[in-house]
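Student: I would like to go through this model with you. Can we work from the whole protein down to single residues?

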Amino acid sequence: GMAVVLLAGGQAQAANTVGENMELDSSKLYMIWDAYDAEGNELDQYEKVMFDNGGGSAGWLKYDANYKSEYSRKYNWRFTPVEGQDGQYYMRNQKTFQAVKGTAMTTEDDHPGDYVVTDKTVANQGGGYILEVKKAEGDKCYVAIKSAETGKYMTTEEGTGDRTYVKFSDSADGNNPNSDWWCIAEDTNLMEGQDGKQMLWMTLAREAHYRIPAITTANN
């Protein structure tokens, strides 16, 4: 494969080579979305964005199209290197602060299957994940996401579009763009000010938030 330099915010990032594992920056926040629909059509960045849906016993990984109109840190992910394991990362949601487990949750109700979930014990780092680079374009990288613990890949729900849970597949080999590929990019929207507004600072989940009177003055 050919090395491609990812660009984000005008800064050159580490080159990611097709066929190798993606290198991620633990200081950045990332968005992940379903790359292609069941017919092989490329999906827009905001159509099926992965998020942690919470839940009574675990956080269920899902994807939806609400990011653009309803921004939430549930769409932001941070990747932390697994010590001593080159190319492996822990994956933590920045809204719930829960880490993605390396093994699936299987249900016995009307929706059986292996679901990808986060661990509600926030002290748990979760399982290690490998992001295999399949294609790189500009600031986007197309990857197959594999659990280092089980060797299974994260997939959409069989590409049907009927439901929107992220699952592990026994049969996926990471090479089917329609179900096995995810697109990942740094979430540069966090740095962009809104019209008529100015961002003063940004804090992350579980950090202290301070309200300081008269730190700035409005136009009126």
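Student: How much accessible surface does the protein have, and what share of it belongs to carbon and sulfur atoms?
Tutor: This is a predicted model, where local features need pLDDT of at least 70, side-chain atom pairs count only at pLDDT 80 or more, and totals for chains, interfaces and linings use all residues. Residues are numbered from 1 along each chain as its sequence is written, and side-chain values use heavy atoms, with hydrogens and water left out. Areas come from the Shrake-Rupley method with a 1.4 Å probe, and for residues only the protein chains shown count as cover. The accessible surface is about 11800 Å², and the carbon and sulfur share is 45%.

Student: What percentage of the 220 residues counts as buried?
Tutor: Buried means under 20% relative accessible area, exposed means over 50%, and partly exposed lies in between (1.4 Å probe, protein chains only). For the 220 residues of the protein, the buried share is 45%.

Student: How many helices and strands does the protein have?
Tutor: Both are DSSP runs, numbered from the N terminus: helices are H or I with at least four residues, strands are E with at least two. The count is one helix and 16 strands.

Student: Which residues have the most contacts inside the largest nonpolar core?
Tutor: Such a core is a set of buried Ala, Val, Leu, Ile, Met, Phe, Trp, Tyr and Cys residues joined through side-chain atoms within 4.5 Å. In soluble globular proteins, nonpolar side chains tend to be buried together. The largest core here has 25 residues, and those with the most contacts inside it are Ile-32, Met-50, Phe-79, Met-154, Trp-182 and Ile-184.

Student: Which strand gives the largest share of this core?
Tutor: Elements that give two or more residues include strand S3 (30-34), strand S13 (140-147) and strand S16 (181-186). The largest share is four residues, and it comes from S12.

Student: Which face of strand S4 is covered?
Tutor: In a regular strand the side chains alternate between the two faces of the sheet. In S4 (residues 49-52), Val-49 and Phe-51 are buried on one side.

Student: What residue in S5 stands opposite Asp-52?
Tutor: Two strands pair if DSSP finds at least two bridges between them. S4 and S5 (residues 59-64) pair in the antiparallel sense over four bridges. Their hairpin has six residues between the strands, and Gly-54 takes a positive phi near 65° there. Opposite Asp-52 stands Leu-61.

Student: In S13, what is the bridge partner of Tyr-129?
Tutor: S12 and S13 pair in the antiparallel sense over eight bridges. They form a hairpin with two residues between them, and Gly-138 in the turn has a positive phi of about 55°. Seven of the nine residues of S12 are buried. The partner of Tyr-129 is Ser-147.

Student: What distance separates the C-alpha atoms of Gln-88 and Tyr-129?
Tutor: Gln-88 is in the loop between strand S6 (77-81) and strand S7 (89-93). Its relative accessible area is 15%, so Gln-88 is buried. Contact means heavy atoms within 4.5 Å, and residues touched by Gln-88, not counting those up to four places away in sequence, include Gly-128, Tyr-129 and Ala-148. Gln-88 and Tyr-129 are 41 residues apart along the chain, and their C-alpha atoms are separated by 5.2 Å.

Student: Is Ser-179 buried or exposed?
Tutor: Ser-179 sits in helix H1 (residues 177-180). Not counting residues up to four places away in sequence, Ser-179 touches Met-154, Thr-155 and Thr-156. Its relative accessibility is 14%, so Ser-179 counts as buried.

Student: How far apart are the closest N and O atoms of Asp-114 and Lys-152?
Tutor: A salt bridge is a side-chain nitrogen of Lys or Arg within 4 Å of a carboxyl oxygen of Asp or Glu. Asp-114 lies in strand S10 (residues 113-115) and Lys-152 in the loop between S13 and strand S14 (153-155), so the pair ties together parts that are 38 residues apart in sequence. Asp-114 counts as buried at 18% relative accessibility, whereas Lys-152 counts as partly exposed at 25%. Their closest N and O atoms are 3.6 Å apart.
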